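Have your viewer ready, and let's walk through this model together. At each stop, select the residues named and take a look around.

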Amino acid sequence: MMSRTVLVTGADGFVGRNLCAVLSTMRDLQILRYDLGNPPDELPRFAAEADFVFHLAGVNRPQDPAEFKTGNADLTSHLLDLLRAVGRRPPVVLSSSIQAAIENPYGVSKRQAEDAVKCYGEETGSPVYVFRLPNVFGKWCRPNYNSAVATWCHSIARDIPIQVRDREAPLTLVYVDDVVRAFLDALDDQVQRKDGYCFVPTSYTVALGQVVDLIASFKRSRQDFLIPDQGDAFARKLYATYLAALPEQEFSYPLKMNVDDRGSFTEILKTPDRGQVSVNISKPYITKGDHWHHSKNEKFLVVSGRGVIRFRRIGDTAVHEYFVSGDKLEVVDIPPGYTHNIENLADTDMVTVMWCNEMYDPLNPDTFIEKV
């Protein structure tokens, strides 16, 4: 496959950084990154070398409204004129906005940029891809700028108060990885279109209050250990966005270790439908357990130390033993109806990762004491 040279304007912006991170993994591409930090004379040189253009540069929060035109419409026209001047006819992806349909200075400037790209495509016969994007969320988005989601993630992670005027107001969102994937589809002319515009196939329309409540639950998860439903695509992507917004000095957080003379028991995470995970530490030659469950079931994985897990079916006398060690990792299922225990057989602590199929319910513990 022949190598292609790809120009990305706005390469240091939110979407640009995410796009370039993926493009950099593609061996058949050379990336030309252009942003405000580049000398202006680099753009003509880049335009002369480009086989494909992702035009993401633009202005959306200027101090002077006149900058909307210069940073959006005029910059786009200038880039296209440079391509024409050197006889290049590369395909062009334009990152536009749904606000291009609105009669405000920003929307008008984006619509003018769209018109310039469409005209370039008609004149040259080159493919052009105009994406009218709704609100984009994801890692590396700048808070307190143009993304409410980025601002809420940043603020809630730092205990900064937020305001939501209308919790029921709908917000249409696309995730930055889905945006990048749609942009990359343009490289192979495989984009999806509707009403003359390209679009990101996966989007989410959610109430503002729902978004804020989800982010707040992510904050609480360090105390209640309840992780978001990873089967819900929006919650999963929003959680990733929240984690990327954490202060770098706060990536870690302490856990409550329930300690006694036998060792300790520490919960790590919980889910409403997939159970919970904990870590059990047993001191040398200590036995823990000697109980059984009607329906509750568990999995034990000894990751350090050496011990034995014993079982006896309720009503029987035969005892079954499973010798376990951190030197040979294997999971032992703890079926219901069997009283069981775990004994540390060594003179060092034994560490066991435990999964239980349900969160502990003090009103229905389903745990009955009986020695193995």
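Is C20 buried or exposed? Select C20 in this predicted model: C20 is buried, with a relative accessible area of 5%. While you are there, look for a sulfur partner: C20 is in no disulfide, and the nearest cysteine sulfur, belonging to C141, is 16 Å away. The count of disulfides for the structure is zero. Now try C356, which also counts as buried, at 10% relative accessibility.

Next, show helix 5 (residues 148-157) and helix 7 (residues 208-224), whose axes come within 10 Å and cross at roughly 35 degrees. The crossing is right-handed. On the helix 5 side, select V149, W152, C153, I156 and A157; on the helix 7 side, select L208, V211, V212, I215, A216 and K219. These contact residues divide into ten nonpolar, one charged and no polar.

Stay with K219, because its side chain meets that of D159 in a salt bridge, at 3.3 Å from N to O. D159 sits in the loop between helix 5 and strand 7 (170-175), so this pair ties together parts that are 60 residues apart in sequence. D159 is exposed, at 60% relative accessible area, while K219 is partly exposed, at 23%.

Now for other charged pairs; the structure holds 22 salt bridges. Select R310 and E343, with closest N and O atoms 2.7 Å apart. R310 is in strand 16 and E343 in strand 19, so the pair ties together parts 33 residues apart in sequence. Both R310 and E343 are buried.

Finish with E42, R45 and E49, which are linked in a network of salt bridges.

Conventions. Residues are numbered from 1 along each chain as its sequence is written. This is a predicted model: local features need pLDDT of at least 70, side-chain atom pairs count only at pLDDT 80 or more; totals for chains, interfaces and linings use all residues. Side-chain values use heavy atoms; hydrogens and water are left out. Axes are lines fitted to C-alpha atoms, for helices over the stretch in contact, and angles run from 0 to 180 degrees between N-to-C directions. Helices (H or I, at least four residues) and strands (E, at least two) are DSSP runs, numbered from the N terminus. A crossing is left-handed if the near helix is turned anticlockwise from the far one by less than a right angle, and right-handed if clockwise. Contact means heavy atoms within 4.5 Å. Ala, Val, Leu, Ile, Met, Phe, Trp, Tyr, Cys and Pro count as nonpolar, Asp, Glu, Lys and Arg as charged, and the others, Gly among them, as polar. A disulfide is a pair of cysteine sulfur atoms within 2.5 Å. Buried means under 20% relative accessible area, exposed over 50%, partly exposed in between (1.4 Å probe, protein chains only). A salt bridge is a side-chain nitrogen of Lys or Arg within 4 Å of a carboxyl oxygen of Asp or Glu.
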